[in-house]
Amino acid sequence: MEDTLKRLNIFVLEDDPDISHFLNLFLSDFFNKVTVKTDNRFNYSDFDNIDIFLLDIEIPFDSGYEVCKRIKTIYPNKPVVFLTAHSQLDDKIKGLELGDDFIPKPFEPLELIARLKNLLKDRYGDFVYLDELIVDKRAHVILDSVTRTKIPLSETENKIFFYLYDNMNIRLSREQIINHVWGVEGHRGQTNSLNVYINSLRNKVDIEGKLIQTIYGYGYKLSDLKE
């Protein structure tokens, strides 16, 4: 999780200058990028690259609850954590109903980061970074690591990629791949089809040709680039 956390981005909304300054410094040791706002000068449509939100509930220009509602409308799967001086049961219940966690002030910094890590592990624990890709093993989805957008693959391309992925750094013969994708009965005449799908897959996820390596006269392997 540590390696994954260093690739994730957090947005913080906190109007107190001392707390916002501290959070900026503290969270920068753990996250790839920390964006801190003390006012409402931000656009909700600019949160594509944000992975988790930390919101103060009591902000003079709005309500953290309302900000959360707008975020969840656009990004329903991104976790939102509330930070507040109010610790009454009603506040906690409302925070957990709208968001994903509730942390009262004053807070212990190490407890804060531990709770953020646990929440991110639940949400992004199956994400693996592979060169410029984010591979979601659970959903069998590939994302661009810069834009966090899904890379569209056909059903066959997806089957080929995740078969290679599940056998990372292992040389797979063309016959093995064809049998997995089309079945033994569909083996005959699929060699050319496999070549076409591999080329299409490379154009989408491996333009530089570093990940999907051709084993001449044999087949292919997916490299994690660590070898």
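Reader: Which residue of β13 is the bridge partner of T214?

Author: The bridge partner of T214 in β13 is Y220. The model is predicted: local features need pLDDT of at least 70 and side-chain atom pairs pLDDT 80 or more, whereas totals for chains, interfaces and linings use all residues. Residues are numbered from 1 along each chain as its sequence is written, and side-chain values use heavy atoms, without hydrogens and water.

Reader: How do you know that β12 and β13 pair?

Author: Strands are DSSP runs of E with at least two residues, helices runs of H or I with at least four, both numbered from the N terminus. Two strands pair if DSSP finds at least two bridges between them. β12 and β13 are joined by four bridges, so they meet that condition; they run antiparallel.

Reader: What makes β11 and β12 the edges of their sheet?

Author: The open sheet has three strands in the order β11-β13-β12, with antiparallel pairing. β11 and β12 (212-215) each have a single partner strand, so one side of each is left without a neighbour in the sheet. Helix α6 packs on this sheet, touching β11, β12 and β13, and its direction makes about 70° with that of β13. Helix α8 also packs on the sheet; α8 touches β12 and β13, at about 150° to the direction of β12. Such angles run from 0 to 180 degrees between N-to-C directions, with axes fitted to C-alpha atoms, for helices over the stretch in contact. Touching here is contact, that is, heavy atoms within 4.5 Å.

Reader: Why are the buried residues of α7 said to line one face of the helix?

Author: Buried means under 20% relative accessible area, exposed over 50%, and partly exposed in between (1.4 Å probe, protein chains only). In α7 (residues 174-182), the buried residues are I177, I178 and V181. Seen down the axis of α7, they fall within an arc of 95°, so they line one face. The arc is that of the directions from the helix axis to the C-beta atoms. Their cover includes α6 (155-166), β11 (172-173), α8 (191-205) and β13 (219-222). Just after α7, G183 takes a positive phi of about 85°.

Reader: What puts the buried residues of α2 on the same side?

Author: S20, L23, F26 and L27 are buried in α2. They cover an arc of only 135° around the axis, which puts them on the same side of α2. On the other side, P17, D18 and L25 are exposed. Helix α2 (residues 17-27) lies across β1 (9-13), β2, β3 and β6, and runs at about 175° to β2.

Reader: What makes β2 and β7 edge strands?

Author: Five strands form an open sheet in the order β2-β1-β3-β6-β7, and the pairing is parallel. β2 (33-37) and β7 (101-104) each pair on one side only. The twist averages 20° from one strand to the next. Within this sheet, β3 (residues 52-56) and β6 (residues 80-84) are joined in the parallel sense by four bridges, and L54 has V81 as its bridge partner in β6.

Reader: Why is D131 called partly exposed?

Author: The relative accessibility of D131 is 33%, which lies between the limits of 20% and 50%, so D131 counts as partly exposed. D131 is found in the loop between β8 and β9. Its phi is near 55°, a positive value in a residue other than glycine. The flanking strands β8 (residues 127-130) and β9 (residues 133-136) pair in the antiparallel sense over four bridges, and F127 stands opposite D136 in β9.

Reader: Which peptide bond is cis?

Author: The bond that joins K105 and P106 is cis, with omega about -10°. P106 has its place in the loop between β7 and α5 (109-124).

Reader: Why is the protein chain called more spread out than a compact globule?

Author: The protein chain has eight helices and 13 strands. Its radius of gyration is 22 Å, well over the 17 Å that the globule rule gives for 227 residues, so the chain is more spread out than a compact globule. The radius is taken over C-alpha atoms, and the rule is 2.2 Å times the number of residues to the power 0.38. The C-alpha atoms fill a box of roughly 70 × 30 × 30 Å along the principal axes. Buried residues make up 44% of the 227 residues.
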